[in-house]
Amino acid sequence: MISCKHITKIISVMMAAAVAFCIWLMGLSQEVVETLGGVEVPMAYETALFDTEKLMRVDIQIEEEEWADMLENAMAEEYYSCDVLVNDQKICNVGIRPKGNTSLSAIAMNPDTDRYSLKLEFDHYVEGQTCLGLDKLILNNNYADATSMKEAVVYDMYQYLGADASLYNYAEVSVNGKYIGVYLALEAVEESFLLRNYGTGDGKLYKPDGMQMGGGFKGGNFSGKPSGFDGEPPRHAGKGDAAGTDSAETGQEREAGEVEFPGGEMPDFAEKVLLGDVDFDSAETGQEREAGEVEFSGGEMPDFAGKMPPGGDHAMGGGNGANLNYTDEELSSYSDIWDSEVTDSGKTDHSRVVTALKNISEGTDLEKYLDVDNILKYMAVHAFSVNLDSLSGNMAHNYYLYEYNGMLNILPWDYNLSFGGMNQGRESGASEVVNDAVDTPFQGTTFFDALLENETYLSRYHEYLRELSQEYVLNGRFEEVYRGIRSRIDTLVETDPTALYSYEEYEAGAEMLYQTVMLRAESVKGQIDGTIPATDEEQRADTTELVDASEIDISVMGVMDMGGGERKSARAAKRQ
């Protein structure tokens with residue numbers, strides 16, 4: 001039998017040849033590339049790994065000490081070497097690490113679990129190595145999602161519309177042959193994704209993030225558990241003056257602009273700010289607030305409050321470009337985009353992005369600067385799924401920005417908090433989710449405004465919403481997907497030794513998700529037909545036509561918990 005060591009060498013040679021072939025392709029004319037099959041490149045992993053009718057099996061083979069050390073130091077997000085058996089494919093010397101943003105921090109602060117999401121990077125140690133062409137595989141832990149299927153449903157909607165989005169499947173995950181749980185497997189948005197969707201075009205990929213709530217900090221060795229950590233603390237919660245909230249408990253001296261919390265704990269106010277529950281304009285008055293708002297002791301806004309940017313045009317952490325709002329021509333004004341590059345880029349590439357943002361903000365030559373059709377599909381699914389942990393709320397993160405030849409595209413990411421996952425704790429939360437206004441879907445950015453203000457594009461956006469509400473949901477596709485998922489993962493969830501929710505909670509959550517999606521489809525259809533108000537302002541003025549969501553309990557589908565405390569509504573800012 002050939003050893004892993006020799007297999008790795010063989011794979012390296014094969015992949016080097018494949019890379020050389022791709023480089024050769026890139027040098028050909030567009031006509032020749034199209035002759036060879038067009039700009040999209042079929043990949044073996046599409047059907048071998050992401051056939052949703054068949055569960056993926058992933059066995060991580062790693063030294064027990066290495067696995068334990070990785071979990072203990074999860075916040076460092078450092079790679080460890082392992083071998084991986086994916087279905088019948090064995091790949092040796094693979095990079096593995098915990099991943100995430102809020103979820104990573106939440107699991108790290110919870111002493112009762114170490115169920116981290118994982119990233120498998122097949123080419124981390126062996127250049128060019130893939131699993132049937134796939135360079136990176138994501139295994140999501142379904143954090144804050146009692147249904148275990150929110151993301152799967154959303155990605156299926158993207159596939160239904162034919163939008164550019166990651167392939168998905170469920171994975172039965174084991175470590176050294178021992179079952180550790182059922183995870184959602186996703187195609188990472190990196191090189192193989194780009195090759196599959198865009199061929200050999202030399203586009204630039206970014207993952208703008210104005211939050212930075214997880215690991216990836218400079219230096220240090222944060223243990224990932226509440227027991228403490230060494231070295232410099234991780235940065236946290238936005239590029240405004242309030243970075244460093246994850247590390248506040250250390251009491252160490254911060255970099256300029258970071259915040260040290262009294263007593264070493266993040267105050268309730270900080271959590272509310274992160275979720276957009278603060279009315280900054282009126283906070284200084286000390287008057288009684290509406291539900292979800294914050295009343296400051298003494299009637300004064302604390303210094304910390306002023307350092308956290310409010311929503312709207314200044315989405316949380318979006319002041320350095322992550323909210324995609326055009327501000328000026330200075331490249332440094334968009335550092336949150338460049339600092340989060342996935343592919344190598346330079347000033348010339350950055351200039352193309354800024355030029356596009358400027359024209360988009362002015363509504364000029366939209367077809368030249370936007371992949372309009374794909375972005376309209378993105379908008380439709382994103383609006384339908386009510387994902388406030390993103391530009392829909394006050395969070396300037398959880399999406400990818402792709403630029404090719406000056407044209408921008410938005411690629412989706414991270415939907416475990418969709419369908420109201422950030423609305424817990426509000427009596428009106430269910431109605432706000434079910435009836436979320438489709439013509440004012442984005443609170444955190446003005447990037448999409450030009451499309452929404454154009455009658456032709458608005459009509460096409462409505463048609464995609466109609467496909468989702470009528471054809472996908474009400475005509476039975478969603479029912480088929482839902483029942484299929486339940487049939488494949490029910491037993492795995494029931495026997496999942498690391499599940500974040502009990503099987504009873506999963507059953508209740510899944511059934512509540514089904515009801516929520518059905519009602520959401522009814523509301524969306526009514527909004528685009530004109531029988532239900534389709535903007536926030538119209539809905540505030542008249543609630544009589546809204547779909548009744550009194551039977552929906554959003555919290556049953558999962559609660560965002562930062563180590564023990566519930567997170568409150570992110571919708572308050574949008575509704576004011």
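Welcome! Helices here are DSSP runs of H or I with at least four residues, strands are E runs of at least two, and both are numbered from the N terminus. This is a predicted model, in which local features need pLDDT of at least 70, side-chain atom pairs count only at pLDDT 80 or more, and totals for chains, interfaces and linings use all residues. Residues are numbered from 1 along each chain as its sequence is written, and side-chain values use heavy atoms, leaving out hydrogens and water.

**Around K150**

- K150 is buried, meaning under 20% relative accessible area, while exposed is over 50% and partly exposed lies in between (1.4 Å probe, protein chains only).
- K150 has no salt bridge, and the nearest side chain of opposite charge, D145, is 4.7 Å away; a salt bridge needs a side-chain nitrogen of Lys or Arg within 4 Å of a carboxyl oxygen of Asp or Glu.
- For charge, Lys and Arg count as positive and Asp and Glu as negative, with His and the chain ends not counted.
- A polar atom of the K150 side chain lies 3.0 Å from the backbone oxygen of S418.
- Beyond its neighbours within four places in sequence, K150 is in contact with residues including Y415, F419, L513 and M557, where contact means heavy atoms within 4.5 Å.

**The barrel**

- Seven strands close into a barrel with mixed pairing, in the order β1-β2-β3-β4-β5-β7-β6. The twist from one strand to the next averages 40 degrees.
- Two strands pair if DSSP finds at least two bridges between them.
- Strands β5 (residues 136–140) and β7 (residues 178–187) run antiparallel and are joined by four bridges.
- In that pairing, I138 stands opposite L186, and L139 stands opposite A185.
- β6 and β7 are also antiparallel, with eight bridges, and N169 has A185 as its bridge partner in β7.
- Two residues separate β6 and β7 in their hairpin, and N176 in the turn has a positive phi of about 55 degrees.
- Nine of the ten residues of β7 are buried, so β7 is largely enclosed by the rest of the structure.
- Helix α6 lies across β5, β6 and β7, running at about 140 degrees to β6; axes are lines fitted to C-alpha atoms, for helices over the stretch in contact, and angles run from 0 to 180 degrees between N-to-C directions.

**Backbone angles to look at**

- Most residues other than glycine have a negative phi.
- N93, in strand β3, has a positive phi of about 55 degrees.
- D365, in the loop between α11 and α12, has a positive phi near 45 degrees.

Notes: Polar contact = N/O pair within 3.5 Å; in protein donor to acceptor, adjacent residues only side chain to side chain.
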